[in-house]
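This report covers one protein chain and its three-dimensional model. Please read it alongside the sequence and coordinates shown below.

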Amino acid sequence: MKPFREHVALAVDGGGIKGVVVTRALAMLEEYLGRSAHEVFRLAAGTSTGSIISAGVAAGLSGEQLLHLYVTLGGSIFRKTLRTRLWPLTRYRYPLQPLEEALKSQVGDRKMADFWIADPPTDLVITFFDLVENRTRFAKPWKPEYAEWPVVQAVLASCSVPTYFPPVHGRDVDGGVGAYANPCYLAAYELQYCLGWDPADTTLISLGTGRDPHWLQPGDADRFWAWDWINPVLGAFMQSADDQQVHLVRTFFDQLDFRRFQVNLREHITMDDPSAIPALVTYGEELGEKILNDETDRAQHIRINRARGNRR
């Protein structure tokens, strides 16, 4: 693995229980470096499950501790009950209380500002979507409007995937509802324009939680009814948006040591399936190996012809 530069930032995608993939990879990175993720990353940005991991890193939790959190609590957070069996006749599938209690057990009553006044300070960017104002918000420890927010509150807002969990404050839901399920561009913007880091002296590590496999064959779409389009269209939107963030970083921050890592899943895994944890740990080891061998994601290698604006 190439050495990191002077400043190092982390960006983690959303994905529910698939956060297991990233936590296992982080544990491998820590073992390789002989240092905790908290010591390495002075900026961490995350969406949804990525906000849990990023907040955990900022709070000093190791990759192994975060992995243990997912493995031991996944079943209680995504516990199947009468509510889940009756959905969509219910407003949401899972209550937020088990997740809230798990987060409090790890980060306690920390406020967002606590990260900024720590020694050394850590910048943390947590995305969530404000339904009332119809825009993505970014909770940060140095922004006055979020300084007194409990960290748990910000993370819960980012994790409240519509139909899976209830909104926070009756208005705030998963940051992936906007364009930032992959927050790598946010991290690049934050490090240069908010923290004043020189991209030429900075490494940005962007970690995905697994790319779904292709399951359609030529001609399948010809037989689609109206409802059959929902999953493919949503999947295309999410994957396209994720890859778009990679292209934005490469286009506008070309001096940055940017490394995007992702694994291709060989089966479809839903965000609320704790039974998939053993398989996700294996994918995490695959992601960890990619990080240690600098095997960056294919989306990072789509070349852009800037003169004509077309991809090759």
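## Basis of the report

The model is predicted.

## Helix 1 against helix 11

Helix 1, residues 19–33, packs on helix 11, residues 277–292.

On the helix 1 side, the contact is made by Val20, Val21, Val22, Arg24, Ala25, Met28, Leu29 and Tyr32. Helix 11 contributes Ile277, Leu280, Val281, Tyr283, Gly284, Glu285, Leu287, Gly288, Glu289, Ile291 and Leu292. Sorted by class, this contact between helix 1 and helix 11 holds 14 nonpolar, two polar and three charged residues.

## Salt bridges

Side chains of opposite charge can pair when their charged atoms come close. With a limit of 4 Å between the side-chain nitrogen and the carboxyl oxygen, the count is 20 salt bridges.

One of them joins Lys80 to Asp272, with 3.4 Å between the closest N and O atoms. This pair links distant parts of the chain, its members being 192 residues apart. Lys80 sits in the loop between helix 4 (63–77) and helix 5 (82–86), whereas Asp272 sits in the loop between strand 7 (257–261) and helix 11. Lys80 has 48% relative accessibility and so counts as partly exposed; Asp272, at 8%, is buried.

Asp257 and Arg259 also form a salt bridge, the closest N and O atoms being 2.8 Å apart. The relative accessibility of Asp257 is 8%, so this residue counts as buried. Arg259 counts as buried too, because its value is 2%.

A further bridge connects the side chains of Arg137 and Glu145, at 3.6 Å from N to O. Arg137 is buried at 12% relative accessibility, while Glu145 is partly exposed at 46%. Both residues belong to a network of salt bridges that also takes in Asp130, Glu133, Arg135, Lys143 and Arg171.

## Helix 3 and Ser51

Helix 3 spans residues 49–58 and includes Ser51. How many of the residues of helix 3 are buried? The number is ten of ten, and the helix is mostly covered. The buried residues of helix 3 are Thr49, Gly50, Ser51, Ile52, Ile53, Ser54, Ala55, Gly56, Val57 and Ala58. Gly60, which has a positive phi near 95°, follows the helix.

Ser51 has a relative accessibility of 0% and therefore counts as buried. Apart from its neighbours within four places in sequence, Ser51 is in contact with Gly46, Ile126, Val155, Ser158 and Cys159.

## Arg5

Arg5 lies in the segment before strand 1 (7–12). With a relative accessible area of 33%, Arg5 is partly exposed.

Residues up to four places away in sequence aside, Arg5 touches Pro199, Ala200, Asp201, Thr202, Thr203, Gln255, Leu256 and Asp257. Among these contacts is Asp257, the salt-bridge partner of Arg259. Pro98 is 93 residues from Arg5 along the chain, and the C-alpha atoms of Arg5 and Pro98 are separated by 39 Å.

Definitions and conventions
Residues are numbered from 1 along each chain as its sequence is written. This is a predicted model: local features need pLDDT of at least 70, side-chain atom pairs count only at pLDDT 80 or more; totals for chains, interfaces and linings use all residues. Side-chain values use heavy atoms; hydrogens and water are left out. Axes are lines fitted to C-alpha atoms, for helices over the stretch in contact, and angles run from 0 to 180 degrees between N-to-C directions. Helices (H or I, at least four residues) and strands (E, at least two) are DSSP runs, numbered from the N terminus. Contact means heavy atoms within 4.5 Å. Ala, Val, Leu, Ile, Met, Phe, Trp, Tyr, Cys and Pro count as nonpolar, Asp, Glu, Lys and Arg as charged, and the others, Gly among them, as polar. Buried means under 20% relative accessible area, exposed over 50%, partly exposed in between (1.4 Å probe, protein chains only).
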